[in-house]
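This briefing goes through one chain of a model and its contact with a partner chain. Please keep the sequence and the structure in view while reading.

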Amino acid sequence: MPEVADSPREADQPHESLIAHFGADRPLKLDAGVELSPFQIAYKTYGALNADRSNAVLICHALTGDQHVASIHPVTRKAGWWETMVGPGRPIDTERYFVICPNVVGACMGTTGPSSTDPKTGKPWGLDFPVITIRDMVRAQAMLLDHLGIESLFAVAGGSMGGMQVLQWAASYPQRVFCALPIACATRHSAQNIAFHEVGRQAIMADPEWRGGRYLLENANPRRGLAVARMGAHITYLSDAALHRKFGRKFQDRENPTFSFDADFEVESYLRHQGIAFVERFDANSYLYLTRAMDYFDLAGDYDGTLAKAFAGTPTRFCVVSFTSDWLFPTSESRAIVHALNAASARVSFAEIVTDKGHDAFLLEEPELFAIVRGFLDGAGKSRGLAAKS
Amino acid sequence: MSTLTHAGSNLNAASVTSTPGTARVDLVLVAQMVEYGAKVLDVGCGDGELLRLLSESRGVDGRGIELSREGVNECVAKGLAVIQGDADTDLGDYPDDAFDYVILSQTLQATRHPRIVLEHMLRIGRRAVVSFPNFGHWQVRMQLLFAGHMPRTDILPFSWYDTPNIHHCTIKDFRQLCGTIGVKMEKAVALNAWGSPLRLNAPWWFWNLFGEQAVFLLSRKG
């Protein structure tokens with residue numbers, strides 16, 4: 001089972017990534033009340049940091065994303081997950097900005113997480129890994145920036161769980177964030193979203209190969225459970241209209257139903273493929289930890305329930321974006337962010353983009369999104385004194 | 001009306017036409033009522049033309065609210081701080097004294113509750129600038145009186161059945177509303193059908209008859 005052997009290796013020694021090591025002198029203080037130490041952050045950078053270190057852009061990835069935002073993924077060999085947005089001449093232009101994309105704490109692509117080797121035992125952490133939060137991820141990213149000698153970011157951008165990190169960045173380190181782009185996200189996970197995550201986690205934990213979270217030690221892998229979790233989640237990233245447009249009721253490689261439980265329909269075949277492909281690159285325990293981090297996220301909760309307090313006096317400029325067909329993080333959630341920012345007198349732009357592509361729209365070809373991100377960053381760049389591209 | 005100070009001497013046809021670019025005259029008039037470097041909220045900012053003008057000519061820190069999604073997205077893509085929202089429902093979210101000026105440019109007549117909108121504007125901002133098409137203009141009166149149909153003019157081009165303008169008012173009506181809610185009128189300008197400001201010392205009835213549109217600078221009383 002080479003994939004089982006592969007995953008801890010990628011978790012400990014990620015390919016095509018930079019690694020920042022944080023020793024016993026620099027522990028990560030977690031919301032759970034414990035310290036993670038030592039730990040490492042795997043990250044990628046694109047472009048060049050300018051002389052006054054004012055052009056750094058932090059990209060925060062979503063639940064199943066990683067640091068390979070704008071270059072070939074070392075495991076799947078596919079293009080970076082946001083190559084339409086980040087790269088030379090793209091809206092987040094790597095010829096203008098120094099882009100940093102770290103793998104989050106708890107993930108499985110080289111930053112310390114449950115599939116990493118615990119140096120104290122020499123074995124994978126598994127469920128001994130402490131539960132982490134969005135704020136822990138952001139705290140670790142701030143340590144990475146300290147390590148890189150970057151005091152303030154020109155921008156922090158991300159969608160979905162990445163957007164949650166963006167909001168947390170703006171709340172935790174307002175002086176370090178010149179502008180923030182939270183896309184298709186919310187300041188808290190709704191009951192419905194927690195419910196979907198719970199179904200995914202139960203699918204993983206119901207797989208006998210999960211082995212109580214000790215599958216790496218026992219040379220097993222809860223592939224079926226993780227694939228089912230991914231299949232269920234994937235539906236929430238799309239929309240009814242997008243599924244209908246893409247698949248309708250079309251049969252897969254056949255004219256008639258087989259009167260069996262084969263993948264008769266194209267949409268079934270597609271979801272099975274999504275599940276199988278996901279298992280190749282993702283760790284089941286990481287999926288548990290990261291979905292938990294999203295569930296726990298409630299920014300207002302950290303500020304007496306008043307979201308505006310999270311942004312009181314913020315100097316950061318915000319550009320909030322939502323999509324009409326996103327029912328996982330609907331526009332009403334973005335509007336709540338905007339209301340809080342207005343109440344805090346923050347400088348905020350808010351655009352809702354018409355699309356039938358659902359939550360996933362932020363990762364896809366959406367020219368209006370690109371125009372908005374480009375325009376917002378150009379405007380902010382002028383105020384920051386970043387020379388416009390000739 | 002004696003408390004009204006007419007627009008300052010900088011406000012004349014020459015300065016209007018000498019403004020760089022091809023900005024609309026009424027927008028230039030609005031912009032000239034705003035102090036340099038002020039913090040401004042433009043309610044119903046459309047495609048962001050006024051915000052751009054304010055930013056370039058007055059160096060303001062400008063924000064906008066716009067109902068139409070197309071307008072908002074165009075503004076944001078221009079780098080303007082604009083959100084999608086409704087003047088009738090979303091002004092309540094802003095705290096008191098958040099802005100130096102709140103501007104309502106050619107939007108008052110399209111709001112559901114003009115009085116509440118105006119009250120919010122002067123709660124959120126120390127001052128308000130309101131521009132609107134004058135329904136008392138002689139062309140409007142003539143169309144209703146002699147042609148017997150709902151007026152359609154260059155600045156009010158809609159048919160009665162598809163107009164977004166649901167609360168037309170005259171300059172006189174607006175002044176009365178300001179009196180009713182206790183708002184101080186600091187400056188006022190009326191433009192004739194050719195976009196030139198009417199004489200400052202003309203009586204109000206003259207403005208109400210020959211002003212095609214009006215711009216008011218308002219502040220809280222007391």
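At roughly what angle do the axes of helix H2 and helix H3 of chain B cross? In this predicted model, the two axes cross at roughly 50 degrees and come within 10 Å.

**Helices H2 and H3 of chain B**

- H2(B) covers residues 25–32, and H3(B) covers residues 49–58.
- The handedness of the crossing of H2(B) and H3(B) is right-handed.
- On the H2(B) side, the contact is made by Leu27(B), Val30(B) and Ala31(B).
- On the H3(B) side, the residues in the contact are Glu49(B), Leu50(B), Leu53(B), Leu54(B), Ser57(B) and Arg58(B).
- By class, the contact of H2(B) with H3(B) has 6 nonpolar residues, 1 polar residue and 2 charged residues.

**Val28 of chain B**

- Val28(B) lies in helix H2 of chain B.
- Val28(B) has 21 other C-beta atoms within 10 Å; a residue counts as buried at 20 or more, so Val28(B) is buried.
- Between the C-alpha atoms of Val28(B) and Trp204(B) there are 22 Å, while the two residues stand 176 residues apart along the chain.

**Chain B as a whole**

- Chain B contains 9 helices and 7 strands.
- A compact globule of 222 residues would have a radius of gyration near 17 Å, and the 17 Å of chain B therefore agrees with that value.
- Taken along the principal axes, the box filled by the C-alpha atoms of chain B is roughly 45 × 40 × 35 Å.
- Of the 222 residues in chain B, 44% are buried.
- Among contacts in chain B with a separation of 6 or more, 65% join residues 24 or more positions apart.

**Contact between chains B and A**

- Chain B gives 16 residues to the contact, and chain A gives 21 residues.
- On the side of chain B that touches chain A, helix H4 (69–77) and strand S3 (81–84) are the elements that give two or more residues.
- H4(B) gives the most to this side of chain B, with 5 residues.
- The side of chain B that touches chain A divides by class into 9 nonpolar, 3 polar and 4 charged residues.

How values were computed: Residues are numbered from 1 along each chain as its sequence is written. Chains are lettered from A and ligands numbered from 1 in the order in which they are written. This is a predicted model: local features need pLDDT of at least 70, side-chain atom pairs count only at pLDDT 80 or more; totals for chains, interfaces and linings use all residues. Axes are lines fitted to C-alpha atoms, for helices over the stretch in contact, and angles run from 0 to 180 degrees between N-to-C directions. Helices (H or I, at least four residues) and strands (E, at least two) are DSSP runs, numbered from the N terminus. A crossing is left-handed if the near helix is turned anticlockwise from the far one by less than a right angle, and right-handed if clockwise. Two residues are in contact if their C-beta atoms, placed from the backbone, lie within 7 Å. Ala, Val, Leu, Ile, Met, Phe, Trp, Tyr, Cys and Pro count as nonpolar, Asp, Glu, Lys and Arg as charged, and the others, Gly among them, as polar. The radius of gyration is taken over C-alpha atoms; the globule rule is 2.2 Å times the number of residues to the power 0.38. A residue is buried if 20 or more other C-beta atoms lie within 10 Å of its own, exposed if 12 or fewer, and partly exposed in between; C-beta atoms are placed from the backbone.
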